[in-house]
Amino acid sequence: MMRPQKLTAVGAGSTYTLGVTNSLVAGKEVFSLSKITFYDIDEQRQASNAKATESLLREAYPEIEEFVYTTDKETAFSDAGFFFIQLPSGDLATRKHDEQVPLFYSCVEQETGGMAYGLLSIDDMLTLVKDIRHFAPDSWILNYTNSAAIVAEALQREFPHDNRILGTRDMPTAIMVRYAQLLGFEIWDLVPEYLGLNHFQWSTEVRNREVVNLTAEAKRIILRKSSALLIHRLLIRVESAPQSFYEYKISFAEVRV
């Protein structure tokens, strides 16, 4: 078993922070920690999360020897071996523009807004990684910042020889959970061929551990059982959306399965 590690959560003012902390608690037997540090430039938002986290760690993770939250980079970065980054570049007002500007031009906002959000995140992420490497050159960096594929590509281009920067996101796992449910397997019994991350992803093949190719079967089940329900849910959501969504609704209504 690996020795307990020191982890810094960057962007700890995010609403995801408590969920991430709960995951660290749940996984402490396989990834044990001795210290957790929160870092964010928004002192007030971070403090709210930190106070709740202190209570959680006291009850569920007493093995943590030290918990710190700070707005100082040197304090946050200097002795950490792992960094978990969930960087909300800008603020909620900025995010609102990312989503609403596409609507003005009659575009579906989530992916178009996701692209704008990803492009906005790049500069902050590049600066952040450079700062981390200054204080902790050998640390592992796990980036959870959306749009994950855009940010991962930018980091790969800027730091092509840094093999300790990893892009991660929950959507690939969520999709594999759905495949497992459809095919009657446990998720760990499936071996997928999966490319990309959030907002830019393909699942090209799925096999089981006996190397049986289940791709055609998965497609058949999805078309037979899931497409109509998915379209129905999309239409329900669109009914209350702005006028610019109506063409989107019609396009889904014309789908044939």
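My entries go from the whole chain to the sheet and then to one lysine.

I worked on a predicted model, in which local features need pLDDT of at least 70, side-chain atom pairs count only at pLDDT 80 or more, and totals for chains, interfaces and linings use all residues. Residues are numbered from 1 along each chain as its sequence is written, and side-chain values use heavy atoms, with hydrogens and water left out.

**Whole chain.** I looked up the secondary structure and found nine helices and eight strands; these are DSSP runs, numbered from the N terminus (helices H or I, at least four residues; strands E, at least two). Of the 257 residues, 40% count as buried, where buried means under 20% relative accessible area, exposed over 50%, and partly exposed in between (1.4 Å probe, protein chains only).

**Sheet.** I found an open sheet of six strands with parallel pairing, in the order S3-S2-S1-S4-S5-S6. Strands S3 (66-70) and S6 (165-167) are its edges, each pairing on one side only. Two strands pair if DSSP finds at least two bridges between them. S1 and S2 (residues 33-39) run parallel and are joined by six bridges.

**Lysine 6.** I located lysine 6 in strand S1 (residues 5-10), and lysine 35 in S2 stands opposite lysine 6. Is lysine 6 buried or partly exposed? Lysine 6 counts as partly exposed because its relative accessibility is 34%. Leaving out residues up to four places away in sequence, I listed what lysine 6 touches, including Ser34, Asp79 and Phe82; contact means heavy atoms within 4.5 Å.
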